[in-house]
Amino acid sequence: MQVDFYHLTRDPAEKLVPVLAQKTLDGGQRMLLVSSFVGQLEKLSKALWQAAPESFLAHGLAGGEQDDAQPILISAQCEATNGARFVALTDGEWRDDALAFDRAFYLFTAEQIDNARTAWRALSVTDDVTPRYWKQDGGRWVEGP
């Protein structure tokens with residue numbers, strides 16, 4: 001499994017999530033977006049509505065009647081009731097439940113760097129997990145150290 005660490009130094013999670021979601025959908029996958037912050041759940045939904053003027057990324061908030069039909073599901077829980085195999089942890093909190101997915105995106109800010117380092121160290125020695133680190137370089141993302 002691959003875990004991509006995204007160090008948010010310039011843009012908030014809401015700016016990156018539509019990009020990750022679109023690439024996930026383009027690859028024929030479903031995605032689960034996870035945050036323990038209610039306000040962020042609403043911001044993620046708004047960001048998916050406004051991803052691009054000509055597009056809309058279909059999604060729903062967990063707890064609806066048709067969670068299983070949503071290509072992108074936004075939830076406070078790391079439980080893919082939509083059958084997603086890709087998960088984005090958008091609130092800077094690592095959850096070991098993400099290891100049940102095929103791919104995880106872990107987004108964190110400078111204030112959450114200690115959490116990210118702890119997760120990196122633990123995942124680096126875990127069999128079948130490949131962590132990768134991404135950082136912002138101007139307006140683009142580059143793989144780093």
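**Entry 1: a cut-off before I start**

I call a residue buried under 20% relative accessible area, exposed over 50%, and partly exposed in between. Arginine 85, at 31% relative accessibility, therefore goes into my notes as partly exposed. I also keep in mind that this is a predicted model.

**Entry 2: the whole chain**

I began with the overall fold. I find 3 helices and 8 strands in the protein. Reading along the sequence, I get the pattern β-α-β-α-β-β-β-β-α-β-β.

Next I looked at the dimensions. Along the principal axes, the C-alpha atoms fill a box of roughly 40 × 35 × 30 Å.

Of the 145 residues, 44% are buried. Among contacts with a separation of 6 or more, 60% are between residues 24 or more positions apart.

How many of the residues of E1 are buried? I get 6 of its 7, so I note the strand as mostly covered.

E1 pairs with E6 in the parallel sense, over 7 bridges. Here I can point to valine 3, which stands opposite alanine 104 in E6. E1 also pairs with strand E7 (residues 130-137), again in the parallel sense, over 6 bridges. In that pairing, tyrosine 6 stands opposite tryptophan 134 in E7.

A reminder to myself for reading these strands: in a regular strand the side chains alternate between the two faces of the sheet.

**Entry 3: helix H2**

I checked the length of H2 first. The helix has 12 residues, 38-49, and at 1.5 Å a residue it should span 16 Å. I find its end C-alpha atoms 17 Å apart, which agrees.

Which residues of H2 are buried? My list is Gln40, Leu41, Leu44, Ser45, Ala47 and Leu48. Looking down the axis of H2, I see these buried residues fall within an arc of 160 degrees, so they line one face of the helix.

On the other side of H2, I have Val38, Glu42, Lys43, Lys46 and Trp49 as exposed. I also asked what covers the buried residues. The cover includes helix H1 (13-26), strand E2 (31-34), strand E3 (60-61) and strand E4 (72-75).

**Entry 4: salt bridges**

My search of the whole structure turns up 9 salt bridges. I followed some of them up.

Arginine 103 and aspartate 4: their side chains meet at 2.7 Å, N to O. Arginine 103 is in strand E6 (residues 103-109) and aspartate 4 is in strand E1 (residues 2-8), so this pair ties together parts that are 99 residues apart in sequence.

Arginine 117 is partly exposed at 46%, whereas aspartate 114 counts as exposed at 54%.

I also looked for shared partners. Salt bridges that share partners join Asp4, Arg103, Arg132 and Glu143 into one network.

**Entry 5: a backbone angle to flag**

Where is aspartate 128? I find aspartate 128 in the loop between H3 and E7. I flagged this residue for its positive phi of about 65 degrees, although it is not a glycine. Aspartate 128 is exposed, with a relative accessible area of 68%.

Note on methods
Residues are numbered from 1 along each chain as its sequence is written. This is a predicted model: local features need pLDDT of at least 70, side-chain atom pairs count only at pLDDT 80 or more; totals for chains, interfaces and linings use all residues. Side-chain values use heavy atoms; hydrogens and water are left out. Helices (H or I, at least four residues) and strands (E, at least two) are DSSP runs, numbered from the N terminus. The expected span of a helix is 1.5 Å times one less than its number of residues. Buried means under 20% relative accessible area, exposed over 50%, partly exposed in between (1.4 Å probe, protein chains only). The arc is that of the directions from the helix axis to the C-beta atoms. Contact means heavy atoms within 4.5 Å. A salt bridge is a side-chain nitrogen of Lys or Arg within 4 Å of a carboxyl oxygen of Asp or Glu. Two strands pair if DSSP finds at least two bridges between them.
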